[in-house]
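Hello,

Here is the structure I promised to pass on. My notes follow below it; please have a look when you get a moment.

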Amino acid sequence: MPHRPHAPQPAADTTGTSPSQHTASDAIDETQAPNVPAGTHAPGFAARGLSAEQRYSRQTLFHGIGGAGQDRLAKGRILIAGCGALGSVLANSLARAGVGYLRLVDRDFVEGNNLQRQVLYDEHDALEGMPKAIAAEQALRRINSLITVDAHVADITADTIEPLLDGIDVVLDGTDNFEVRYLLNDACVKTGIPWIYTGVIAAYGVTMTVLPGDTACLRCVFPERPLPGTTPTCDTAGVLNGIVGAMTGMASTEAIKLLVGSDRLVRGLTWMDLWENTFERVELPRMPDCPTCGLGQYEYLDAPLDESGVSLCGRNAVQVRPPRGIDATGATLDLRALAERLRPAGEVASNDFLLRLRVDGYEVTVFPDARAIIKGTDDPAVARTVYARYVGA
Ligand SMILES: [Zn+2]
């Protein structure tokens, strides 16, 4: 049976800090931290009163973690797939909790309509159109200089997922699409890495921890991937930041339980609706004929990549990948040279991370891995044409 929550307890001190505990040393200037390389301590950090022991004291006081659990978190390695609403909140929570290594992967850039829920980003990131993985990495380094953050501006595909899983203990779903979730399920079941599915829409959310070979996997519960366009998305139905907080709170706590070796993991699917005030949990059996965890057929992992390289991104935008093989070589585009070449065509802006071209009513964002997101169309053929015209075929 799933573990039932304890009876509600009064929360006398929701801040975790009573007034008498404030001292001069609380006024630490953390603005010193941003330029510190990942995995190193900020200069004078401990000397100025913020040792790891103090930083995590409210967490080590908790009976389920303690000092030994905190040490395990410091050795933990988590992949966060997607750094949108779910991924940015998950990364924020786990960085603050002291998970020692976070690998972030996201293919997209920050926009103004992200700021309502994607907690790691600010107005500057949106104005600059910063890649989410980079902006998240910079924010996390200011939050916790004791951990390592490894950011990848990349698309998660059957071609790229294997190295991204290397050395990882737990995978967290921060994506907004089933294409990547079914791929994560295949890859994690095949490699035996636990992963936590989470999804949110409107005021509704769902989460499920998959322990390969032990609990039901995604395909035991939802055998077939929904066709694109058949399910509502945050671009069509909206999303409240409260449900993002609720579901990521559950998922990040499950990840912490996994890393510390707790036996209190949720077994089953949990869903809730914060507007309708519903909360449900059901433990689901593994299916012996599940293609993935029953029969060991990894259709999504083994499927040939769509040669068109084109996928819908929701919101009147299409992603175009470069011809297959190019993204796996590690070669990168010279964005400055491309900017010079495109300047006669339209309005061009670029930084170290991306190039943006406004032309013919389209906004073309090109990344160093030669991917582009074409905004202003839902038609893959149009997007491919725009890509070929300005980036190259
Ligand atoms: Zn299964």
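Let me start with helix H6 (residues 132-143), which lies across S2 and S3 and runs at about 165° to S3. Helices (H or I, at least four residues) and strands (E, at least two) are DSSP runs, numbered from the N terminus. Angles run from 0 to 180 degrees between N-to-C directions, with axes as lines fitted to C-alpha atoms, for helices over the stretch in contact. Contact between two residues needs C-beta atoms, placed from the backbone, within 7 Å.

Before going further: this is a predicted model, where local features need pLDDT of at least 70 and side-chain atom pairs count only at pLDDT 80 or more, while totals for chains, interfaces and linings use all residues. Residues are numbered from 1 along each chain as its sequence is written.

The sheet is open, with eight strands in the order S3-S2-S1-S4-S5-S6-S7-S8 and mixed pairing (strands pair if DSSP finds at least two bridges between them). Strand S3 (148-153) and strand S8 (278-282) are at the edges with a single partner strand each, so one side of each has no neighbour in the sheet. From one strand to the next, the twist averages 15°. S7 (residues 269-273) and S8 run antiparallel, joined by five bridges; Leu269 has Val282 of S8 as its bridge partner.

Gly69, Arg72 and Leu73 of H3 meet Ile256, Leu259 and Val260 of H11.

Best wishes
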